[in-house]
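Trainee: Can you walk me through this one? I'd like to go over the charged pairs and then the core.

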Amino acid sequence: CWETRYSQFMLKYSYEEAKFEAKKILKRVVSSDKSDRDRDDPNAYKPSPVFCQLCQTNPIPIVEVMLKDIEIGFNVNMIQPYVDLTGRCSDMMTDVVGYVLARNCERGASETRTFLNPADGFLSPWLSNFAEFIGRFYKKHPQTNLVGILTAVCRRMMSDLPEGAGSAGSAGSGRQ
C-alpha cells in the first residue's frame, strides 16, 4: 500500500513538505477568492498553475489536504474555487483525485465522522460538502474515470444494508 511507503525519512519529509506547500496555496485561494479585484487584475497571483505544478511532484498529500478542508467545512463557498483550482491539472492528476476520493468514500464511519447528523437525521455536513465537491469535480473533469468512485459507493451501500435486506430484495426482484 502506498501509505506505508512514507515511513522512510526522506519520503516522510517530502510528504510533509507537500502538505505544507498545499496549505499555503489553498490559503492563498481563500484570500484571493474573497477579493474581487484580484479576478480582474492580470498581474495578480494565480494559484492554479502553481497548484498544478506542485501536484505533479507529489499529488496524494496535496489532494488529501484539499479534501480535509472540504470535509471540515470551514467555508462551504470554497468548494467551487477548489474545483476550479484543478482545472488546469493533467489527466493523471485528475485520476489521482478520483483515486483519493474513492479511498475516502471507502473509509467507514467513526464517532467524529458519522454519515447522518444525530440532531436532525439529515446527512452530516462533511458528507454533503464531500458529495458536492465530488459532483462538481466530475462535472468539470468528465474524462476522469468514474469506476473507482462508483464501486466504492456501491460497496458502502451494500455494507450498510441491514441483515437479510440484501437477500430478500434480490429474491423478489426477478421479472416474470
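Trainee: What does Glu21 form a salt bridge with, and how far apart are the closest N and O atoms?

Mentor: This is a predicted model. In it, Glu21 pairs with Lys24, with the closest N and O atoms 3.5 Å apart. Both residues sit in helix H1, three residues apart, which is about one turn of the helix.

Trainee: How many salt bridges does the count come to?

Mentor: Six. Among them is Arg136 with Glu132, where the closest N and O atoms are 2.7 Å apart. Those two are four residues apart in helix H7. An α-helix has 3.6 residues a turn, so residues three or four places apart point the same way. There is also a network of salt bridges linking Lys12, Glu16 and Lys19.

Trainee: And what does Arg103 form a salt bridge with?

Mentor: Glu64, with the closest N and O atoms at 2.5 Å.

Trainee: Why does Arg103 count as buried?

Mentor: Because its relative accessibility is 17%, and buried means under 20%. Glu64 counts as buried too, at 19%.

Trainee: Staying with H6, which residues there are buried?

Mentor: The buried ones include Met93, Val97, Leu101, Arg103 and Asn104. H6 has 16 residues and reaches 23 Å from its first C-alpha to its last, close to the 22 Å expected.

Trainee: What is Asn104 in contact with?

Mentor: Leaving aside neighbours within four places in sequence, Asn104 contacts Leu67, Glu71, Arg113 and Phe130. Its relative accessible area is 6%, so Asn104 is buried.

Trainee: New topic. How many residues has the largest nonpolar core?

Mentor: It has 38 residues, and those with the most contacts inside it are Phe51, Leu67, Tyr82, Leu101 and Phe133. Helices H1, H3, H4, H5, H6, H7 and H8 each give two or more residues to this core.

Trainee: What does Phe51 touch?

Mentor: Beyond its neighbours within four places in sequence, Phe51 is in contact with Ile25, Leu26, Ile62, Met66, Leu85, Thr86 and Cys89.

Trainee: Last one. Where does Gly148 lie?

Mentor: In helix H8. Gly148 is partly exposed, at 35% relative accessible area. Gly148 and Asp95 are 53 residues apart in sequence, and their C-alpha atoms are 9.7 Å apart in space.

Note on methods. Residues numbered from 1 in each chain as written. Predicted model: local features only at pLDDT ≥ 70, side-chain atom pairs only at ≥ 80, totals over all residues. Heavy atoms only, no water. Buried < 20%, exposed > 50% of the residue type's maximum accessible area, 1.4 Å probe, protein only. Contact = heavy atoms within 4.5 Å. Core = buried A, V, L, I, M, F, W, Y, C linked by side-chain atoms within 4.5 Å. Expected span 1.5 Å × (residues − 1). Salt bridge = Lys/Arg side-chain N within 4 Å of Asp/Glu carboxyl O.
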